[in-house]
Amino acid sequence: MAGSGVFEDIIEGDVFKYYTDGEWKKSASGKSVAIINPTTRTTQYKVQACTQEEVNKVMESAKIAQKQWAKTPLWKRAELLHKAAAILKEHKAPIAECLVKEIAKPAKDAVTEVVRSGDLISYCAEEGVRILGEGKFLVSDSFPGNERTKYCLSSKIPLGVVLAIPPFNYPVNLAVSKIGPALIAGNSLVLKPPTQGAVACLHMVQCFHLAGFPKGLINCVTGKGSEIGDFLTMHPGVNCISFTGGDTGVAISKKAGMVPLQMELGGKDACIVLEDADLDLVAANIIKGGFSYSGQRCTAVKVVLVMESVADALVEKVNAKVAKLKVGPPEDNCDITPVVSESSANFIEGLAKDAKAKGATFCQEYKREGNLIWPLLLDNVRPDMRIAWEEPFGPIVPVIRINSIEEGIHHCNASNFGLQGCVFTKDINKAILISDAMETGTVQINSAPARGPDHFPFQGLKDSGIGSQGITNSINMMTKIKSTVINLPTPSYTMG
């Protein structure tokens, strides 16, 4: 059960504590933030509403701890990460329970997220040892006009304090995708979890605590974004920000100044379907890509661009599969569960109403109960409809019929987003040419967009983000190059 057993220290009364200096603490504010269960629409949990003064103390603790952590041998950092990964997977059940109740993630998917997160941490440990265990040796006479009088030794060193801000939809996995690289690289960490998903994050942090990381190295503050959000992201103690989310990231990037940024800010992932595509494969991937976790994924299929000649057949196949989707509470492992909040459901409904008013074909009847929205495929969507461009983050997939490959590429590239896209065709030459033309960070060929495996590069263009993720890229991003140059009195040539 959440908040019990090895997790009993993280809660007092009915309010979960925040974590700093190796201890679980109550906020001096005496206030808490309610976490609403998307299914019941009632308060499920409460977390501390930390103050700006507490944030200051957390930053100071993180700064002090980082100096010592940077001196910790690389093998020891990896050893502790492996230990945390094992503890996380051992206690997957109570953490998954939090995900079910906080964000209405289907029970089986919640367990998968926790196990995947443990695997990610372990991979970080191994990859970090490989990357950070090697430096570079350069000699001066490789550049014209120089003799061999200088030896340059370069290595990667930590940035300092990393501020990690994960989103609600994968609060554990996208937290450890920031925590693991930061720690193995020698940084300390301040985690600001999303409100929905905060309790799952706090349980995850306890697993790191049980692994025996030094006091002050890992910190987790909860509270209202309006009170500590900007204060955290603009804090002078922060040396790096890794953020996954929506429009808030744009505001953060404008205010962050010289701090290195890693931003993933959403997408409108296009699925281009050519005449020769395997339509059964396409239909299965539209269901998987568009409707899994009720479409609340940055990499969900968010618009289908299908050639007119095969559109009727594809829509028929997708509709047949939509009819088989199980709709209901996450505890029952339903395919479609309530979206995260009432405001999110209202936004999705607004997109559906706009499409209805402008003549889109509703392949299913629009149905909503509270935060639960039944899956909906919209055919004959046109570019003047909001759903053609806006990210619904819900179980609604628009279909736009196209008459040429160029038309599909144009629609994809006209979007402000550029996270991922996909192409379905049996012609690999066309697939590569279309992939090259699509202005997205990743293009999947004959598969729905997806973030993983977690060591693959993951990045967005345009409004979809800054920088690249994936374990290797994150480790490199959370370090900087330090060079030492040895100046010799005379040129030195090996065996010369």
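Guide: Let us begin with angles: axes are lines fitted to C-alpha atoms, for helices over the stretch in contact, and angles run from 0 to 180 degrees between N-to-C directions. Helices (H or I, at least four residues) and strands (E, at least two) are DSSP runs, numbered from the N terminus. This model is predicted, with local features needing pLDDT of at least 70 and side-chain atom pairs pLDDT 80 or more, while totals for chains, interfaces and linings use all residues. Residues are numbered from 1 along each chain as its sequence is written, and side-chain values use heavy atoms, leaving out hydrogens and water.

Visitor: Why is α5 called roughly parallel to α6?
Guide: The axes of α5 and helix α6 (residues 198–211) are 12 Å apart, at an angle of about 25 degrees. Angles under 35 degrees count as roughly parallel, over 145 as roughly antiparallel, 65 to 115 as roughly perpendicular and the rest as oblique, so α5 is roughly parallel to α6.

Visitor: What makes the contact, and which classes do its residues belong to?
Guide: Contact means heavy atoms within 4.5 Å. Ala 175, Val 176, Ile 179 and Leu 183 of α5 meet Cys 201, Met 204 and Phe 208 of α6. Ala, Val, Leu, Ile, Met, Phe, Trp, Tyr, Cys and Pro count as nonpolar, Asp, Glu, Lys and Arg as charged, and the others, Gly among them, as polar. The contact therefore divides into seven nonpolar, no polar and no charged residues.

Visitor: How do you know a pocket from a cavity?
Guide: On a 1 Å grid over the protein atoms alone, a cavity is a set of points where a 1.4 Å probe fits but cannot get out; a pocket is an open set with protein on both sides within 12 Å along at least five of seven lines. Lining residues have an atom within 4 Å of a point. The largest pocket has a volume of about 1,100 Å³, and Phe 168 and Gly 245 are among the residues nearest its centre. Its lining has 38 residues, and α7 (225–233) gives the most, six.

Visitor: What is the volume of the largest cavity?
Guide: About 90 Å³, where a volume is the space filled by probe spheres set on grid points joined across faces, edges and corners. Lys 268 and Phe 417 are among the residues closest to the centre of the largest cavity, and the lining has seven nonpolar, six polar and two charged residues.
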